[in-house]
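Thanks for coming. I have one model to go through today, and I will keep to what can be read from the coordinates.

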Amino acid sequence: MPGRRGARAPDPATGRGAPRPVELALLSSVFVVAACGLLYELAAGTLASYLLGDSVLQFSTVIGAYLFAMGLGSWASRHFERQLPAHFLRIELLVALLGGGMPALLFLCSAFVPGAFRLVLYLLVGAVGVLVGLEIPLVMRILKRHVQLKELVSQVLTFDYLGALAVSLAFPILLVPHLGLVRTGLVFGLLNAAVAVWALWLFRHELRRLRVHVLACAGVLLTLLGALFGADAITTVAEDRFYQDRVTYTATSPYQRIVVTSGAQGHRLFLNGNLQFAERDEYRYHEALVHPVMAAQGNPRRVAVLGGGDGMAVREVLKYPGVQQVTLVELDPEMTRLFSTQPALKRLNGGALSDPRVRIVNADAFQWLQTEADTFDVIVVDFPDPTNFALGKLYSQSFYALLDQRLSASGYAVVQTTSPLVARQSFWTVVHTIEAAGLGATPYHANVPSFGEWGFVVASRRPWRQPAKLPEGLRFLNLQTLPLLFDFPQDMAAVPTGVNRLSNQILVRTYEQEWGKVAH
């Protein structure tokens, strides 16, 4: 009977047969299938968090939709009764194309039809999830020819979990930093296609229309290989369209997608698609961020800059000759590497990151504050806006309490605090959170054309005072206009808010609501 072909000869001692090549091949396929399936899920969640913000929400909804689709696929597998190897082969080819190409397709969609991104995202997640849900049940039914049920379940689940473990570790540590999302997806698509080729060879005697299956495998492999060789072109086309200006530097780290463009506004920096500065007017932002506290402190010697891995804030800090040491705490080493080695980017920060007074620490600022023993005369807090809970913790009462411990008795801290005009509730939430941590909060704002009206807050134990002197050569601030930054018109005046705590993270939800209204 065909179902008995390839059965194992029993071992005299145990009564069990040694694994046959077909069994080992199929179990290895389970490992690859599980690894690829999890990778597509992680890639979709990562891209959604890059382009839509709020990583917790995006990963939660993507994973939920993916698992639901897998359940549908598993349920549908019972309707496949005959020609199981042929069905398995076709499903592998479809997963290879859709799953492997998903990051590239989503990148292109975000650039050319951004309004359809969510729809395309969940259609692809659903389609890949259904196909992945079909894979394991079909493999188990094929393996059932050769393996007893008790061994079958344990072996399949073991290889399934091992594949998932391998990818979950490799994805953030090796794959995304070294290959990028587009290449990673295509490489794993090729692995799925390789499983299909393997199945083609193993079951060549059972497959009807063998030539058609051979051509299908060849077509999928050639498509994925062509896309892999053109991965840079795909990414460049998508990003040039998305960012409008020419993309000059890109990097994908475990923490974010870094893109630097060059155009009419000079260089611009984007993190996960969000503008961080434009060369044309960044001086307004960084002068407003740094000098009100540096000049008011009087004689700052030890300064910490949290975030700001582009070195612009450090550049402004170093305009004070009395500064003896600047500690830059930046989570992403790729940021500090780019802005300390690329000539055009070093020019923007005046080579500040190479100054001997600057010490670079690549660490999470929250954890660094918990373990750091030194105190500082000035602390500049220059984080991205609280678009997700990982960033929201850096705007929490707990964080500002740690900040208080690291400030000298006469020290000042300053926090960049989104727009008091567009995100009024969010801005005043930060002010009230700083006050809840026991610090005095002095809010102010400045107009930065690339961002609009932008807000900052001085946090200190002593009242902020108007400085008597500012450094020479500033392009935006002077002693006459500085007091105007602390005057809030009616449409930006204080409003009652809650306090952003680690336990509630109300700021992230408020920020998303306020900026979401602008985006739509």
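This is a predicted model: local features need pLDDT of at least 70, side-chain atom pairs count only at pLDDT 80 or more; totals for chains, interfaces and linings use all residues.

Residues are numbered from 1 along each chain as its sequence is written, and side-chain values use heavy atoms, with hydrogens and water left out.

First, the overall picture. The protein chain has 16 helices and 11 strands; these are DSSP runs numbered from the N terminus, with helices being H or I of at least four residues and strands E of at least two. The C-alpha trace spans about 95 × 50 × 45 Å along its principal axes. Of the 520 residues, 54% count as buried. Buried means under 20% relative accessible area, exposed means over 50%, and partly exposed is in between, with a 1.4 Å probe and protein chains only. Taking contacts with a separation of 6 or more, 72% come from residues 24 or more positions apart, where contact means heavy atoms within 4.5 Å.

Now the cores. A nonpolar core here is a set of buried Ala, Val, Leu, Ile, Met, Phe, Trp, Tyr and Cys residues joined through side-chain atoms within 4.5 Å. The largest one has 70 residues, and Tyr40, Leu121, Leu181 and Phe188 have the most contacts inside it. Helices H1 (21-52), H2 (55-76), H3, H4 (117-143), H5 (149-202), H6 (210-229) and H7 (231-243) each give two or more residues to this core. Another core, of 55 residues, lies apart from it, and includes Leu269, Val305, Tyr320 and Leu477.

Helix H3 deserves a minute. H3 covers residues 84-112, which is 29 residues, and reaches 39 Å from its first C-alpha to its last. That is close to the 42 Å expected at 1.5 Å a residue, the expected span being 1.5 Å times one less than the number of residues. There is a kink of about 55° at Met102, shortly before Pro103. The bend at a residue is the angle between axes fitted to the seven residues ending there and the seven starting there. H3 is mostly covered, with 21 of its 29 residues buried.

Next, charges. Side chains of opposite charge can pair when their charged atoms come close. A search of the whole structure finds 11 salt bridges, counted when a side-chain nitrogen of Lys or Arg is within 4 Å of a carboxyl oxygen of Asp or Glu. Glu282 and Arg315 form one, with the closest N and O atoms 2.9 Å apart. This pair links distant parts of the chain: Glu282 is in helix H8 and Arg315 in helix H9 (residues 312-317), 33 residues apart. Both Glu282 and Arg315 are buried. Glu282, Arg315, Glu316 and Lys319 are linked in a network of salt bridges.

Glu287 is also in H8 (residues 282-297). Glu287 is buried yet has no salt bridge, and the nearest side chain of opposite charge, Lys319, is 4.7 Å away.

Arg337 and Glu334 meet at 2.5 Å, N to O, and both lie in helix H10 (residues 333-341), 3 residues apart, about one turn of the helix. Lys393 and Asp364 meet at 3.2 Å. Lys393 is partly exposed at 22% relative accessibility, whereas Asp364 is buried at 17%.

Last, some single residues. Tyr243, in helix H7, is buried with a relative accessible area of 7%. Most residues other than glycine have a negative phi. Asn272 has a positive phi of about 50° and is found in the loop between strands S3 (266-271) and S4 (274-278). Gln505 also has a positive phi, near 50°, and counts as buried at 7% relative accessibility.

That is the list; I can take questions now.

Note on methods. Lys and Arg count as positive and Asp and Glu as negative; His and the chain ends are not counted.
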